[in-house]
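Q: I have a new model open. Can you show me how to read its features?

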Amino acid sequence: MAKKPWRIGTRAKLLLRGLRYKPLLPYASIDGWLSVDEAIALYELSRGLPHEKPLAVEIGCWQGKSSVCLARGLAGKFHPRLCCIDPFDASGDDASAPTYGQRAEQVGGALRQTFEANLRAAGLRELIDVKPGYSHEHAQQWREPIDLLFLDGDHSYDAVRQDFEDWAPRIRPGGYLVLHDVVHPVHQGPRRVVQERIEADRNWVDGRYVDSMYVTRKAMT
Ligand SMILES: C[S@@+](CC[C@H](N)C(=O)[O-])C[C@H]1O[C@@H](n2cnc3c(N)ncnc32)[C@H](O)[C@@H]1O
């Protein structure tokens with residue numbers, strides 16, 4: 001029988017980046033879509049936010065893989081908050097919904113309960129403000145300035161553009177905008193929005209890629 005190729009697991013990969021990333025270990029056992037370097041980038045970005053009342057917003061949380069990374073970076077600050085927006089019903093763009101449906105079955109469809117249990121197991125539930133529902137609906141009532149916005153919800157072009165239009169104006173000057181799946185063989189939405197609306201706009205600075213993620217910062221006015 002042919003030997004299976006030796007593969008290094010996510011936990012080992014994380015620790016090989018440095019023992020300082022040990023607090024991120026719970027991320028490795030949560031179902032979702034986030035590479036080790038993307039996880040570290042989210043953690044480092046949220047860790048670098050202001051100490052007093054930092055506010056991060058995540059659109060598209062699934063079972064909390066990226067939420068754990070963002071929340072871990074906020075932990076220890078004064079009154080930190082991570083607002084997590086997701087319908088928790090496995091809905092999404094046409095390319096993703098079948099996969100979401102299949103993977104949701106593995107937790108009996110209990111996505112919100114699984115999300116909350118994962119955050120609780122990581123000791124981070126208290127930082128999280130869970131907002132069930134669609135991003136566009138929540139955007140209508142949103143008033144607070146955001147320090148970091150992570151867009152990882154519906155990946156169709158129209159939906160990503162709508163998220164960008166709804167939420168980017170709420171980011172404070174100097175705050176971060178992060179989009180996931182910008183480099184992706186199937187999803188074109190995030191890439192088109194970055195190319196059409198962000199990369200050549202001087203209101204967005206310090207753009208860089210981390211695996212499939214694009215990270216940028218709103219210019220100071
Ligand atoms: C790719 S998954 C998120 C993955 C997660 N960030 C992770 O690290 O594993 C996308 C999530 O966004 C949700 N979603 C789809 N449309 C949405 C919308 N309009 N607003 C908020 N969330 C949405 C999906 O149901 C799904 O839970």
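Q: What share of the contacts in the chain with a separation of 6 or more comes from residues 24 or more positions apart?

A: A contact means two C-beta atoms, placed from the backbone, within 7 Å. Here, residues 24 or more positions apart supply 71% of the contacts with a separation of 6 or more. The model is predicted: local features need pLDDT of at least 70, side-chain atom pairs count only at pLDDT 80 or more, and totals for chains, interfaces and linings use all residues. Numbering starts from 1 along each chain as its sequence is written.

Q: Which strands does β2 pair with, and in what sense?

A: Strands are DSSP runs of E, at least two residues; helices are runs of H or I, at least four; both are numbered from the N terminus. Pairing takes at least two DSSP bridges between two strands. β2 runs parallel to β1 (residues 55-59), with 5 bridges.

Q: Why is β2 largely enclosed?

A: Buried means 20 or more other C-beta atoms within 10 Å of the residue's own, exposed 12 or fewer, partly exposed in between; C-beta atoms are placed from the backbone. In β2, 5 of the 6 residues are buried, so the rest of the structure largely encloses this strand. Across the chain, buried residues make up 43% of the 221.

Q: Which residues are closest to the ligand?

A: The shell takes residues whose C-beta atom, placed from the backbone, lies within 6 Å of the molecule. It has 22 residues; G32, G60, K65, S66 and G153 are the closest. α4 (65-74) and β2 (81-86) each give two or more residues to this shell.
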